[in-house]
Amino acid sequence: MKLSLLNSRQAIDELDQWLEQVATLPGWFVTGTDTGVGKTWVGVRLMQLLRRRGVRVIPRKPVESGWQDEQVTETDSWRLAVSGSGFQPLHEVCPNRLLRPLSPPRAALLEGRELQIAGLAAVCLEPVRAGQFVHVEGAGGFYSPLAMDGLNADLAQALGLPVLLVSEDRVGCINHVLLTLEVIRQRELEVAGVVLNPIRAATPGMDNLQDLRALLQVPVLRWPV
Ligand SMILES: Nc1ncnc2c1ncn2[C@@H]1O[C@H](COP(=O)(O)OP(=O)(O)O)[C@@H](O)[C@H]1O
Ligand SMILES: [Mg+2]
């Protein structure tokens, strides 16, 4: 019990120190090692911590698929909108809502709609021009298709924002983190940090935080539990 309290205190302090650096950025592009790893879960909590530091945080989810108007409060865009600074109109957070729970370009194709990286980038860049911190969540992982003419990686490149990589903290995640970081580097983008998100109980003896820190130069954090 004492040990876990100690770890938690240390993790909170590390998170706090890291956020001091993050607060100086124009924003970030939040990606994951996969879909369902906690981009939104971790993202909204980081937005709240940044806001507490006085950062004006503007959320963007430029496209969301699997959209259901009758369950709007379950959407990523809603969760991000209510976690941003001040009132964030949902149509500005997410101007492209697609019904089918598929990759955005496939869902758009089936609805007879167009979806281009330049259009998605435009809705994210306007807060950056206004000197605010833009929190952009992609869809899926870094190489998941995002528009008819590009992947999440292409939007990240068009924006030129540092990348925040979220991974579930589980056995096997080191491979996924290293592979994703490799392509982020290939795209010549900065890495704001890697956040390990403990969704499920840890496998006894597992320590992905220490193992990744030994391998990487970029900030690696584990969400405090
Ligand atoms: N640390 C956590 N503890 C408990 N549940 C979590 C945690 N992180 C994510 N979840 C849950 O896991 C699911 C996937 O997380 P989400 O943030 O939506 O992933 P992504 O945005 O990467 O698709 C959601 O139901 C979310 O509430
Ligand atoms: Mg999400």
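Helix axes here are lines fitted to C-alpha atoms over the stretch in contact, and angles between them run from 0 to 180 degrees between N-to-C directions. I needed that first for my notes on this predicted model.

**Entry 1: two helices**

I looked up how helix H8 (residues 173-186) packs with helix H9 (residues 208-215), and found an angle of about 35° with the axes 11 Å apart. The crossing of H8 and H9 is right-handed. On the H8 side I noted Cys173, Ile174 and Val177, and on the H9 side Asn208, Asp211 and Leu212. I sorted this contact by class and got four nonpolar, one polar and one charged residues.

Next I turned to the nonpolar side chains. In soluble globular proteins, such side chains tend to be buried together. Here the largest nonpolar core has 52 residues, and Phe29, Leu120, Leu159, Val163 and Leu164 touch the most other members. Helix H6 (residues 117-129) gives the most to this core, five residues. Which residues does Leu159 touch, leaving out those up to four places away in sequence? I wrote down Phe29, Ala121, Cys124, Leu125 and Val136.

**Entry 2: Asp154**

I found Asp154 in helix H7 (residues 152-159). From Asp154 to Phe142 I counted 12 residues in sequence and 8.9 Å in space, C-alpha to C-alpha.

**Entry 3: the ligand**

Last, I checked ligand 1, which has 13 residues around it; Gly38, Lys39, Thr40, Trp41 and Ile199 come nearest. Helix H2 (residues 39-52) supplies the largest share of this shell, three residues. By class, the shell has five nonpolar, six polar and two charged residues.

Terms used. Residues numbered from 1 in each chain as written. Chains lettered and ligands numbered in written order. Predicted model: local features only at pLDDT ≥ 70, side-chain atom pairs only at ≥ 80, totals over all residues. Near = placed C-beta within 6 Å. Helix = DSSP H or I, 4+ residues; strand = E, 2+ residues; numbered from the N terminus. Nonpolar A, V, L, I, M, F, W, Y, C, P; charged D, E, K, R; others polar. Core = buried A, V, L, I, M, F, W, Y, C linked by C-beta atoms within 7 Å. Buried ≥ 20, exposed ≤ 12 C-beta atoms within 10 Å, placed from the backbone. Contact = placed C-beta atoms within 7 Å. Left-handed = near helix turned anticlockwise from the far one by under 90°.
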